[in-house]
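Here are some exercises to work through with the structure open in your viewer. Try each task yourself before you read the solution.

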Amino acid sequence: MDFSLSPELTALQERVGTFISEQIIPMEADPRRTPHGPDAGLRADLVSKARDAGLLNPQVSREFGGMGLSHLEKAVVLEAAGYSMLGPIAMNCAAPDEGNMHLMEAVATEAQKARWLRPMTEGRTRSCFCMTEPHPGAGSDPALLKTTAVKRGDRFVINGEKWLITGADGAAFAIIMARTIVDGEDLGATMFLCDLPASGFTISRCMDSMDSSFAGGHAVVKFDNLEIPETDVLGEVGKGFRYAQVRLVPARLTHCMRWLGAAQRAHDIATRHAAQREAFGQTLIRHEGVGFMLADNEIDLHLTRLGVRHCAWLLDQGERGSFESSMIKVQASEACFRVADRAVQTLGGMGVTRETEVERIFRDIRAFRIYDGPSEVHRWSIARRLERRIA
Ligand SMILES: Cc1cc2nc3c(=O)[nH]c(=O)nc-3n(C[C@H](O)[C@H](O)[C@H](O)COP(=O)(O)OP(=O)(O)OC[C@H]3O[C@@H](n4cnc5c(N)ncnc54)[C@H](O)[C@@H]3O)c2cc1C
């Protein structure tokens, strides 16, 4: 096994690291960081800095103005971007756009790519992905999908409600998952592309949430006889769940990459503090209670990094990696949360204040144990696979 990084990748990693520390971290104090994420002006300023630095779209193909990186290369670069929670927004590789770009590169027609993907990869637009519904609709269990798309002539008429839709407020378009009914027959889930704003598409409200680093926050959206021409179906009718898998496995992994960077940042801040601050005659880091917390952080970060890179390598070999991505999603979301929690503890009272970025990392990282599959759902699917292995 060769764990070394090529000189080119190391140089890129360093370039991103310098960009984040010199240009993005200073913007973390910007008042345009709202409870619902950076506002449109801040996002535009961030993106323009990355554009000037030649660091937009590490995850996108060269054809669409990206760096055309492999999954393994992405693991290195997106971790470096995630060192500031504003980094992925600046570099246009934040959720949900990053997953949507990947999906559209794989599934969209050339006309759809020109219309929706190109402006997004140029950093001019944002998007959202509308899958989750309030009770009794789809959440962990996509089979509960209640939103319907009924074919009428050359159009689909969509009705339903979604929530927790990241970035809906301010998005230029949405990808909507709906149960498709053609001639009275249920053909299963389909994905639809929808320009925003649109008649029949309402943002009812933005939900107040613990996190505050996703542009546009998380919204409740309603579809009331929303009409979508059949040319705006993404991929084929009835293949929505299959495309969701195309999107979910790599998107799950890129979340791990970015959060690994954020957790590393929290750990670095805590370590610097523990090496300087004294209590009872010695620095905090020399107290076993603190030193061991920081040692556990190192172990969590290291094992997570190895797991992320291994899963990325598997995807680069053409494997589906769904089992490994489930395992590493659980590991990364739980380990990074532990790291952030220990960083708060190490900082003492300052840890729960905005004196450092650790407080925001701690709040923001919590949701990662829920989206892209809650830990319990991943463990459940891993256990089912184990059972099949024995049978
Ligand atoms: C910050 C954030 C951003 C999000 N962004 C988007 C977005 O942009 N687009 C979108 O469509 N959705 C988005 N979501 C929604 C997210 O995908 C769902 O929250 C997630 O799929 C879980 O669904 P649910 O909330 O309905 O929970 P439920 O399905 O109601 O599950 C609740 C809990 O039940 C437990 N559970 C469920 N199934 C099992 C099982 N099989 N075994 C054991 N325990 C189980 C788990 O503990 C789970 O946390 C976002 C969520 C958050 C928190």
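**Exercise 1.** Decide whether A114 is buried or exposed.

*Solution.* Keep in mind that you're looking at a predicted model.
- Step 1: Find A114 in helix α6, which covers residues 110-121.
- Step 2: Count the other C-beta atoms within 10 Å of A114, and you get 11.
- Step 3: A residue with 12 or fewer counts as exposed, so A114 is exposed.
- Step 4: For a sense of distance, take V76, which is 38 residues from A114 in sequence; C-alpha to C-alpha, the two are 29 Å apart in space.

**Exercise 2.** Work out whether N92 and D372 are buried or exposed, and look up what phi each of them has.

*Solution.* 
- Step 1: Locate N92 in the loop between α4 and α5, then D372 in the loop between α10 (358-365) and α11.
- Step 2: The cut-off for a buried residue is 20 or more other C-beta atoms within 10 Å.
- Step 3: N92 has 29 such neighbours, so it counts as buried. D372 has 24, so D372 is buried too.
- Step 4: Now check the backbone. N92 isn't a glycine, yet its phi is positive, about 60 degrees. D372 also has a positive phi without being a glycine, with a value near 55 degrees.

**Exercise 3.** Explain why the ligand can be said to lie between two domains.

*Solution.* 
- Step 1: Start with the domain assignment, which gives domain 1 (7-94), domain 2 (127-238) and domain 3 (241-390).
- Step 2: Collect the shell around the ligand. It has 21 residues, and the closest are M131, T132, G139, S140 and E376. The elements giving two or more residues are β3 (127-130), β5 (155-166) and α11 (375-390).
- Step 3: Compare with the domain bounds. Domain 2 and domain 3 both give residues to this shell, so the ligand lies between them.
- Step 4: Sort the shell by class, and you find 13 nonpolar, 6 polar and 2 charged residues.

**Exercise 4.** Describe how α3 and α8 pack, and which residues meet.

*Solution.* 
- Step 1: Pick out α3 (residues 71-81) and α8 (residues 288-316); their axes are 7 Å apart, at an angle of about 145 degrees.
- Step 2: From α3 you need H71, L72, K74 and A75, and they meet V308, R309, A312, W313, L315 and D316 in α8.
- Step 3: By class, this contact has 6 nonpolar, 1 polar and 3 charged residues.

**Exercise 5.** Check how the radius of gyration of the chain fits that of a compact globule.

*Solution.* 
- Step 1: For 391 residues, a compact globule would come out near 21 Å.
- Step 2: The chain has 21 Å, so the value agrees.
- Step 3: Along the principal axes, the C-alpha atoms fill a box of roughly 80 × 55 × 40 Å, and 46% of the residues count as buried.

Conventions:
Residues numbered from 1 in each chain as written. Predicted model: local features only at pLDDT ≥ 70, side-chain atom pairs only at ≥ 80, totals over all residues. Domains from an automatic or database assignment. Near = placed C-beta within 6 Å. Helix = DSSP H or I, 4+ residues; strand = E, 2+ residues; numbered from the N terminus. Nonpolar A, V, L, I, M, F, W, Y, C, P; charged D, E, K, R; others polar. Axes fitted to C-alpha atoms, helices over the stretch in contact; angles between N-to-C directions. Contact = placed C-beta atoms within 7 Å. Rg over C-alpha atoms; globule rule 2.2 N^0.38 Å.
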